[in-house]
Amino acid sequence: MAPTHVLRCCQRGLAWIPVIFIALVVCWSYYAYVVELCIFTISSIGEQIVYLIFFHLSFIMFVWSYWKTIFTNPASPSKEFCLPKAEKERYEKEERPESQQEILWRAATSLPLYTRTGAGAIRYCDRCQVIKPDRCHHCSACDMCVLKMDHHCPWVNNCVGFSNYKFFILFLAYSLVYCLFIAATVLQYFIKFWTNELPDTHAKFHVLFLFFVAAMFCISILSLFSYHLWLVGKNRSTIEAFRAPVFRTGSDKNGFSLGFRKNIAQVFGDQKKYWPLPVFTSQGDGLTFPTRLVNGDAEQATVTLHPEPNKSADDVPVSPLSESQNRLLINDQHANNVGEHAANNTLKSADSETITISMESES
């Protein structure tokens, strides 16, 4: 039986096959378009220049974003999410899950955690031996916990998460533009070759096959790109789309949604001039995320905060808020106070009675 590390090396080598396949297809498409189409098939110099300029712009952006998606290392939890040595030894010695959870609860009191397991326990990775930050998951292919993990993509041989999710979105966008441009500009020559309006040369095969490949990839990429744009607008990962994150008040599919514009800024950043470039501009550190902290729909104008039934503040350890979460809550509380004050004044003048409007909040 082969040693484990040998099998692991073979597995890592085989994982590059999809990437090599894409690289070969891209290299062939470059040759087929530039040499066979623009040089040997198109006779107009002006048309050649225009086609080559726009082709190389889309090609450069596509390759740049693809490269960044592949070779950007996934972000992992920081040392503060690791158990102290003494607590770690106690955790490993404990056999009862209840005692292990008590150790994790004590360690998590100083961490900004809002999500739980389905049973309401602290999310802990036994493989990496770290307490999982919000939206963090363990990738079995990468053998590590990845911050804001979306999925492991075999076509980039990398885990798509907080550190490279923007690059992945741009990779889909520019690959779609690349395929659309090729299909649109090759179409007329595809028809001419098909109807024998052009001489039957060695370029015929490349032009015909180039159109089919571009159209095929265009259809598949369009569906995937549309789905991820929807996820960005909702501020969800692929994992969260299939399994809603669980908070202290229960599962909430819109728990991290801050509204469409803020959701876009979470991935692409505040400065729009950097959005089309595959450079890192995502907000935050990947360890903490602003949350709605409610069980309401993100698109609803009115949100009601519900206290957790049969539990007090002493039952569940409360983690400190991050800076971004504090700003979100302060703004919401200020808006609520202004609304309550205006409502009270209106009711006083109408009925000459003082009516107090109160809002229940999570203790």
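Rings of Phe, Tyr and Trp (its six-membered ring) pair if their centres lie within 6.5 Å; planes under 30 degrees apart count as stacked, over 60 as edge-to-face and the rest as tilted. By this rule, the structure holds 28 aromatic pairs.

The model is predicted: local features need pLDDT of at least 70, side-chain atom pairs count only at pLDDT 80 or more, and totals for chains, interfaces and linings use all residues. Residues are numbered from 1 along each chain as its sequence is written, and side-chain values use heavy atoms, with hydrogens and water left out.

**Exercise 1. Classify the ring pairs Y33 with F181 and Y66 with F171.**

Step 1. Start with Y33 and F181: the ring centres are 6.0 Å apart and the planes stand at 45°, so this pair is tilted.

Step 2. Now place the two residues. Y33 belongs to helix α2 (residues 17-39) and F181 to helix α6 (residues 165-194), 148 residues apart; helices are DSSP runs of H or I with at least four residues, and strands are runs of E with at least two, numbered from the N terminus.

Step 3. Turn to Y66 and F171: with centres 4.7 Å apart and planes at 20°, the pair is stacked. Here helix α3 (residues 45-71) supplies Y66 and helix α6 supplies F171, 105 residues apart.

Step 4. Check burial. Y33 and F181 are buried, and Y66 and F171 are both buried too; buried means under 20% relative accessible area, exposed over 50%, partly exposed in between (1.4 Å probe, protein chains only).

Step 5. Widen the view: ring pairs join these residues into a cluster that also includes Y30, Y51 and F55.

**Exercise 2. Describe the surroundings of D134.**

Step 1. Find D134 in the loop between β2 (130-131) and β3 (137-139).

Step 2. D134 has 1% relative accessibility, so the residue counts as buried.

Step 3. Look at Y114, whose backbone nitrogen lies 3.1 Å from a polar atom of the D134 side chain.

**Exercise 3. Which cysteine sulfur is nearest to that of C9?**

Step 1. Count the disulfides (pairs of cysteine sulfur atoms within 2.5 Å): the structure holds zero.

Step 2. For C9, the nearest cysteine sulfur is that of C10, 7.0 Å away.

Notes: Contact means heavy atoms within 4.5 Å. A polar contact is a pair of N or O atoms within 3.5 Å; within protein, one must be able to donate a hydrogen and the other to accept it, and residues adjacent in sequence count only if both atoms are side-chain atoms. Lists of a residue's contacts leave out its neighbours within four places in sequence.
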